[in-house]
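Subject: Structure for your review

Dear colleague,

Please find below the structure that I am handing over to you. The findings follow directly after it, and I would ask you to read them with the structure open.

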Amino acid sequence: MDNWDEDLPDGAEEQCHPPQLIRVNKINDIWMEIPRYVNHGWLGLWVMVLIAFSSLCFCLLFSSSFTKFLFSGMLEIIFSFFLFAPLITLIVLFIKTLLFEPRGAPVRFNRKRQKVYVYEYHRSSWNPWQRWHAEIKVFNWADIHAERVLMAGHADWGHRVYCSVCKPGTFEVVDRFVLTWVVGSIFDAYGLWSHCCHYMEAKPVPTAPLLTDVPLSWTPFNTVRWPHDLDKESTSAAD
């Protein structure tokens, strides 16, 4: 894995730091849900939409006479398409991201079932005309191991925790998911993984998170929608 720094210990007894949540949506004796907020503000995308839309309106208003002066008929349509298509695609990309990409895509830990439910969203990084969709991945807790990654970018500096999912009884990685995006303190990264291990082994854990604020979503509706059957399964004990 790029920027890998260390494997984190498995099991509550092996942790080097006391358990501590960063943020939490819900925690009780059966299940716990952790949100995963990205490190950028959604307001900035709305500003970019306004700028892009204003640019499109400007082009539509002031390029019409120019194209008619140079072209006529089909040539004018073709010229307009190549002129405006990239800008329209950019606007659709921003709007689709703002309205449909989940805020704080969560991970649920069900300690009665010993399962982990990961809310993932599949999107194209640049093509809004492709299908974007949510997927719930379900893993056995026993197959999950944690890795700490050190990010050193100008806008993304700090520690991430990834969970690698291995084939049962092996260390062959078959999937990965982010447990937390970048946090500034290495002790926050250690504490979060320690908390997950303690919780899943039914050991005492603090229920108060370090952060209680909820970042503004800047969207008019909820972007996280669990399928009914998986929502019920992930929040209940096994029969």
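A count of the salt bridges comes to twelve. Please bear in mind throughout that the model is a predicted one.

One of these salt bridges is formed by the side chains of Asp213 and Arg23, with N and O 3.0 Å apart. Asp213 belongs to the loop between α3 and α4, whereas Arg23 belongs to the loop between β1 (4–7) and β2, so the pair ties together parts that are 190 residues apart in sequence. Asp213 counts as partly exposed because its relative accessibility is 43%, while Arg23, at 18%, counts as buried because the limit for that class is under 20%.

A second example is the salt bridge between Glu120 and Arg36, whose closest N and O atoms are 3.5 Å apart. Here strand β5 holds Glu120 and the loop between β3 and α1 (42–70) holds Arg36, so this pair ties together parts 84 residues apart in sequence. Both Glu120 and Arg36 are buried.

Glu101 and Arg123 also form a salt bridge, and their closest N and O atoms lie 2.8 Å apart. Glu101 is in the loop between α2 (74–100) and β4, and Arg123 is in the loop between β5 and β6, so the pair ties together parts that are 22 residues apart in sequence. Glu101 is buried, with a relative accessible area of 15%, whereas Arg123 is partly exposed at 30%.

I turn next to the fold. The protein chain contains four helices and nine strands, and along the sequence they follow the pattern β-β-β-α-α-β-β-β-β-β-β-α-α. Five of the strands form an open sheet with antiparallel pairing, in the order β2-β3-β4-β5-β6. Its edge strands are β2 (26–27) and β6 (133–140), each of which pairs on one side only. Strand β2 is joined by two bridges to β3 (residues 31–34), and the two run antiparallel. Within this pair, Ile27 stands opposite Met32 of β3.

Which helix lies across β2, β3, β4 and β5? It is α3 (residues 186–200), and this helix runs at about 165 degrees to β3.

Apart from neighbours within four places in sequence, Leu210 is in contact with Gln20, Leu21, Ile22 and Asp188. Leu210 and Asp188 are 22 residues apart in sequence, and their C-alpha atoms are 8.8 Å apart in space.

Trp218 lies in that loop between α3 and α4 as well, and it is partly exposed, with a relative accessible area of 40%. Together with Leu43, Val47, Ile51 and Leu216, Trp218 makes a nonpolar surface patch of about 490 Å².

Finally, some totals for the protein chain. Of its 239 residues, 43% are buried. The accessible surface comes to about 13500 Å², and carbon and sulfur atoms account for 62% of it. Among contacts with a separation of 6 or more, 68% are between residues 24 or more positions apart.

With kind regards

Conventions:
Residues are numbered from 1 along each chain as its sequence is written. This is a predicted model: local features need pLDDT of at least 70, side-chain atom pairs count only at pLDDT 80 or more; totals for chains, interfaces and linings use all residues. Side-chain values use heavy atoms; hydrogens and water are left out. Two strands pair if DSSP finds at least two bridges between them. Contact means heavy atoms within 4.5 Å. Axes are lines fitted to C-alpha atoms, for helices over the stretch in contact, and angles run from 0 to 180 degrees between N-to-C directions. Buried means under 20% relative accessible area, exposed over 50%, partly exposed in between (1.4 Å probe, protein chains only). Accessible areas come from the Shrake-Rupley method with a 1.4 Å probe; for residues, only the protein chains shown count as cover. Patches are made of residues with over 30% relative accessible area and no salt bridge: like charges are joined within 9 Å, nonpolar side chains (Val, Leu, Ile, Met, Phe, Trp, Tyr) within 5 Å. A salt bridge is a side-chain nitrogen of Lys or Arg within 4 Å of a carboxyl oxygen of Asp or Glu.
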